[in-house]
Amino acid sequence: PAGKGLLVRWLRLRRANADEFLVQFSLLVDGAKLTLAALRRLLRRWAPLDVDRQSAASETALTTLVASATPPHVSLACARELVGAPHRADVNLANDLSFDALQCAAALGKARLVEFLLASGADATARGAHPNGFIGAPSPRPGQCERTAREWAELYGHAAVVATIDAWGDDAAA
């Protein structure tokens, strides 16, 4: 059937576009040139696109963004773009050690991003270990200790993030 062949070609194109998008996106992030406008240009250029496709390093665009040194207002705007329609990035998609965007944001003390991810459906009870243990971490070996987002924030002394997660948990329980 012609419809099936068309779908197969579309899926291949979507995967290929995602791979190229991740390369270009990583270059923007690493070069400190990421802006919302640049992200939107990339998303348009490489459509159709699977924003949840993982790179060879097991990272998605969202986890790459959260882990970057991108200014907080740019990170938040870009995260909203990736998670919102029509892209709908999965906020709970984790790397091969179950380390997701929420845990990363919590470990890095990005309170506004943590709040946004929680509001977008991130699972605060998920446990994960960072592949290189966040240099200077008191964990014995990289990737060994799995922690929740709250535990990561507490470990690095990010009281505002701990309070955000606690408040979110209290609101969810009510």
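# Helix packing and a few local details

Guide: Let's start with confidence: within the protein chain of this predicted model, mean pLDDT is highest in α6, at 97, and lowest in helix α8 (residues 159–173), at 84.

Visitor: And what is the mean pLDDT of the protein chain?

Guide: The chain averages 88, and 88% of its residues reach 70 or more.

Visitor: Good to know. How do the axes of α4 and α6 cross?

Guide: Helix α4 (residues 72–83) and helix α6 (residues 111–119) have axes that come within 10 Å and cross at roughly 15 degrees. That angle is under 35 degrees, so α4 and α6 count as roughly parallel to each other.

Visitor: Left-handed or right-handed, that crossing of α4 and α6?

Guide: Right-handed.

Visitor: Which residues make the contact?

Guide: From α4 you have S75, L76, A79, R80 and V83, and from α6 there are R112, L113 and F116. By type, the residues of this α4 and α6 contact split into five nonpolar, one polar and two charged.

Visitor: Now α2 and α4. How do their axes cross?

Guide: The axes of α2 and α4 come within 9 Å, with a crossing of roughly 25 degrees. These helices, α2 and α4, are therefore roughly parallel to each other. The crossing of α2 with α4 is right-handed.

Visitor: What makes the contact there?

Guide: On the α2 side, L36, L39, R40 and L43; on the α4 side, A77, C78, E81 and L82. The contact of α2 with α4 has six nonpolar residues, no polar ones and two charged.

Visitor: Where do F99 and W152 lie?

Guide: F99 is in the loop between α4 and α5 (101–107), while W152 belongs to helix α7 (residues 149–155). The pair therefore ties together parts that are 53 residues apart in sequence.

Visitor: Now the backbone. What kind of peptide bond joins A47 and P48?

Guide: A cis one, with omega at about 0 degrees. P48 sits in the loop between α2 (36–45) and α3 (61–67).

Visitor: And what about A85 and P86?

Guide: A cis peptide bond joins A85 and P86 too, and its omega is about 0 degrees. P86 is found in the loop between α4 and α5, and F99 of the aromatic pair also lies in the loop between α4 and α5.

Visitor: One last thing: is the phi of S58 positive or negative?

Guide: Positive, at about 65 degrees, although S58 is not a glycine. You can look for S58 in the loop between α2 and α3, the loop that also holds P48.

How values were computed. Residues are numbered from 1 along each chain as its sequence is written. This is a predicted model: local features need pLDDT of at least 70, side-chain atom pairs count only at pLDDT 80 or more; totals for chains, interfaces and linings use all residues. Side-chain values use heavy atoms; hydrogens and water are left out. Axes are lines fitted to C-alpha atoms, for helices over the stretch in contact, and angles run from 0 to 180 degrees between N-to-C directions. Helices (H or I, at least four residues) and strands (E, at least two) are DSSP runs, numbered from the N terminus. Angles under 35 degrees count as roughly parallel, over 145 as roughly antiparallel, 65 to 115 as roughly perpendicular and the rest as oblique. A crossing is left-handed if the near helix is turned anticlockwise from the far one by less than a right angle, and right-handed if clockwise. Contact means heavy atoms within 4.5 Å. Ala, Val, Leu, Ile, Met, Phe, Trp, Tyr, Cys and Pro count as nonpolar, Asp, Glu, Lys and Arg as charged, and the others, Gly among them, as polar. pLDDT is the predictor's confidence in each residue, from 0 to 100.
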